[in-house]
Amino acid sequence: MNDALQKAGISPTLTVGEVARRSGVTVSALHFYETQGLIHSTRTAGNQRRYARTMLRRVAFVRVAQRVGISLAEIGNALAALPSDASPSREDWSRLSMSWRAELDERIAQLKKLRDTLDDCIGCGCLSIDRCKLRNPLDRLGAEGQGPQRLLVRRVD
Ligand code: FES
């Protein structure tokens, strides 16, 4: 792949500034990701970082996963399953995606429920909106568990 890139005049390695510009992530955040082992770089003779272009995909993955609330630790565990010495293949990413499917499905369901239930009683015990009388009379749902019983998505193991 690197030969094809070079023939096309595209550098297979990037400086930290180039990664920051292309990914939309700050240089300091990239350095932090590297200290967490989420991305890797090599050093030039002048001790400057150089990132393989494939690191852009890792940075994009970290950024979006964080945006949906996944912890850096979980992200790190997932990325650790990818080969670190070679460019991860589509199959590698597919395996990662499969390992996260249940987690992501649950988050999607939770986000949908949050979007669709906030204008209704969420079963939290506040009894503060008109619908509570109907949906949660006298906080009947409190007997079923802690938290907003009508908002929480139950994990299906
Ligand atoms: S919204 Fe809190 S109990 Fe109904």
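The legends below go through the predicted model, from the whole chain to single residues.

**Conventions.** This is a predicted model, in which local features need pLDDT of at least 70 and side-chain atom pairs count only at pLDDT 80 or more, while totals for chains, interfaces and linings use all residues. Residues are numbered from 1 along each chain as its sequence is written, and side-chain values use heavy atoms, with hydrogens and water left out.

Figure 1. The protein chain is divided into domain 1 (1-88) and domain 2 (101-157), with bounds that come from an automatic or database domain assignment. The centres of domain 1 and domain 2, taken over C-alpha atoms, are separated by 39 Å. Along the principal axes, the C-alpha atoms of the protein chain fill a box of roughly 70 × 30 × 25 Å. The radius of gyration of the protein chain is 22 Å, whereas a compact globule of 157 residues would have one near 15 Å; this radius is taken over C-alpha atoms, and the globule rule is 2.2 Å times the number of residues to the power 0.38.

**Figure 2. The secondary structure and the surface of the protein chain.** The protein chain has seven helices and three strands, in the order α-β-α-α-β-β-α-α-α-α from the N terminus on. Helices (H or I, at least four residues) and strands (E, at least two) are DSSP runs, numbered from the N terminus. The protein chain exposes about 10,400 Å², of which carbon and sulfur atoms supply 53%; accessible areas come from the Shrake-Rupley method with a 1.4 Å probe, and for residues only the protein chains shown count as cover. Buried residues make up 28% of the 157 residues, where buried means under 20% relative accessible area, exposed over 50%, and partly exposed in between (1.4 Å probe, protein chains only). Among contacts between residues at least 6 apart in sequence, 53% join residues at least 24 apart, a contact being heavy atoms within 4.5 Å.

Figure 3. Ala-20 lies in helix α2 (residues 16-23) and is buried, with a relative accessible area of 14%. Not counting residues up to four places away in sequence, Ala-20 touches Val-25, Thr-26, Val-27 and Leu-30. Val-59 is 39 residues away from Ala-20 along the chain, and their C-alpha atoms are separated by 9.4 Å.

Figure 4. Leu-56 is placed in helix α4 (residues 55-67) and counts as buried, at 17% relative accessibility. Its neighbours within four places in sequence left aside, Leu-56 is in contact with Leu-14, Val-19, Arg-22 and Ser-23. Between the C-alpha atoms of Leu-56 and Thr-35, which are 21 residues apart along the chain, the separation is 16 Å.

Figure 5. Gln-36 is found in the loop between α3 (27-35) and β2 (42-43), where it counts as partly exposed at 43% relative accessibility. From C-alpha to C-alpha, Gln-36 and Leu-72 are 8.4 Å apart in space, although 36 residues apart in sequence. Asn-47 lies in the loop between β2 and β3 (49-52), and has a positive phi of about 65° although it is not a glycine. Most residues other than glycine have a negative phi.

Figure 6. Leu-114 lies in helix α6 (residues 90-117) and is partly exposed, with a relative accessible area of 38%. The C-alpha atoms of Leu-114 and Val-153 are separated by 9.5 Å, and the two residues are 39 apart along the chain. Leu-138 has its place in the segment after α7 (132-135) and counts as exposed, at 83% relative accessibility. The phi of Leu-138 is near 50°, a positive value in a residue other than glycine.
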